[in-house]
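Hi,

Here is the structure I promised to pass on.

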Amino acid sequence: MSSVRATDVLLLSCCVLVVLVFPPCRGQGSDCSCNVTNSRCDESGVCRCDPGWDGERCERCVPMPGCLHGSCQQPWQCSCEPGWGGRFCDKDLAACSEQQPCHNGATCVMEDSGEYTCLCPSGFHGRNCQLKTGPCHQRRSPCKNGGLCEDADGFAAELTCRCLAGFTGRRCETNVDDCLMRPCANGATCLDGVNRFSCVCPAGFTGRFCTVNLDDCVSRPCLNAGRCVDRAGGFHCVCPSGYTGATCETPLRSRDERGWTTPGGGRGGGGGRVQEPPP
């Protein structure tokens, strides 16, 4: 009896262990039909897919992101369909036979990567051998000052130069005089540059075109409470009574030792008058 009981206990323990390690998948009244290799079944009977698997029962692998014309047997693969190549199966292996991308008698060759190469005949170049070795490629470009050499992709009989802004001439050899339009105002001096100019302003003016009149009264040049009036390229002082001069710096003397009233000189405001001595 003891050996039979021991055997029963061992069998019961094994069943409990199997239940704990591999719990049954409970669906809604039926067994879970998920792919147990690629997923698990939750308590509601819904398949929870492992990374790289998709579908209602997690039976479909997810291909590599960007895979265009390919499929997979395992997650993140990109096995190309017939006629396609490249890492993402986006290269048309029939490009040479169907698209015929090479021009001017070039030979099209497919590479293992899915790309094609055009073997150009003599006198042609470019990705598809569409460019002819014309005047711009036969010798060093004659265009000056950064000018672009153009020859209609090599098919023009003679080359031309497309000049950068600020240059002109058959070979872009001439710097355009940007001062011809006289952009500087108020008698300023124009200095020509490369596609630019600068103005040297006379006294009293500023700005790019020397059109801004400086306020010459900012420094308060008028003395002795004189009133400053700003002018174009200068100022004028209106002097109070008793002063004269360009900046009202000279006081008027009312009478000298001989009894003469003497005015001061200058360009400023007020002036005086000469009086006769008393008899």
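Let me start with a disulfide: at -85 degrees about the S-S bond, the link of Cys143 and Cys161 is left-handed. Before I go on, some housekeeping: this is a predicted model, in which local features need pLDDT of at least 70 and side-chain atom pairs count only at pLDDT 80 or more, while totals for chains, interfaces and linings use all residues. Residues are numbered from 1 along each chain as its sequence is written, and side-chain values use heavy atoms, with hydrogens and water left out.

**Disulfides**

Back to that first link. The sulfurs of Cys143 and Cys161 are 2.0 Å apart (a disulfide here is a pair of cysteine sulfur atoms within 2.5 Å). This pair connects distant parts of the chain, 18 residues apart: Cys143 is in the loop between α3 (135-138) and β13, and Cys161 is in strand β14. For the element names, helices (H or I, at least four residues) and strands (E, at least two) are DSSP runs, numbered from the N terminus. Both Cys143 and Cys161 are buried; that word means under 20% relative accessible area, with exposed being over 50% and partly exposed in between (1.4 Å probe, protein chains only).

How many disulfides does the structure hold? It holds 17, and I picked out two others for you.

One of them joins Cys67 and Cys78, with 2.1 Å between the sulfur atoms. The torsion about the S-S bond of Cys67 and Cys78 is about 80 degrees, so this disulfide is right-handed. It also links distant parts of the chain, eleven residues apart, with Cys67 in the loop between β4 (60-61) and β5 (70-71) and Cys78 in the loop between β5 and β6 (79-80). Cys67 is buried at 17% relative accessible area, and Cys78 is buried at 16%.

The other is Cys201 with Cys210, where the sulfur atoms are 1.9 Å apart. The torsion about the S-S bond is -90 degrees, and the link of Cys201 and Cys210 is left-handed. Is each end buried or exposed? Cys201 is partly exposed, with 26% relative accessible area, whereas Cys210 is buried at 0%.

**Aromatic rings**

A search of the whole structure turned up two aromatic pairs. Rings of Phe, Tyr and Trp (its six-membered ring) pair if their centres lie within 6.5 Å; planes under 30 degrees apart count as stacked, over 60 as edge-to-face and the rest as tilted.

For Phe124 and Phe155, the ring centres are 6.5 Å apart and the planes are at 45 degrees, so the pair is tilted. Phe124 belongs to strand β11 (residues 124-125) and Phe155 to the loop between β13 (148-150) and β14 (160-162), so to speak distant parts of the chain, 31 residues apart. Phe124 is partly exposed at 23%, and Phe155 is partly exposed at 47% relative accessibility.

Phe197 and Phe209 make a tilted pair too, 5.9 Å centre to centre with 40 degrees between the planes. Phe197 lies in strand β18 (residues 197-200) and Phe209 in the loop between β19 (205-206) and β20 (212-213), so the pair ties together parts twelve residues apart in sequence. Phe197 is buried at 15% relative accessible area, while Phe209 is partly exposed at 32%.

**A charge over a ring**

Last item: the charged end of Arg127 sits over the ring of Tyr116, 4.0 Å from its centre. The rule for that is NZ of Lys or CZ of Arg within 6 Å of the ring centre and within 35 degrees of the ring normal.

Cheers
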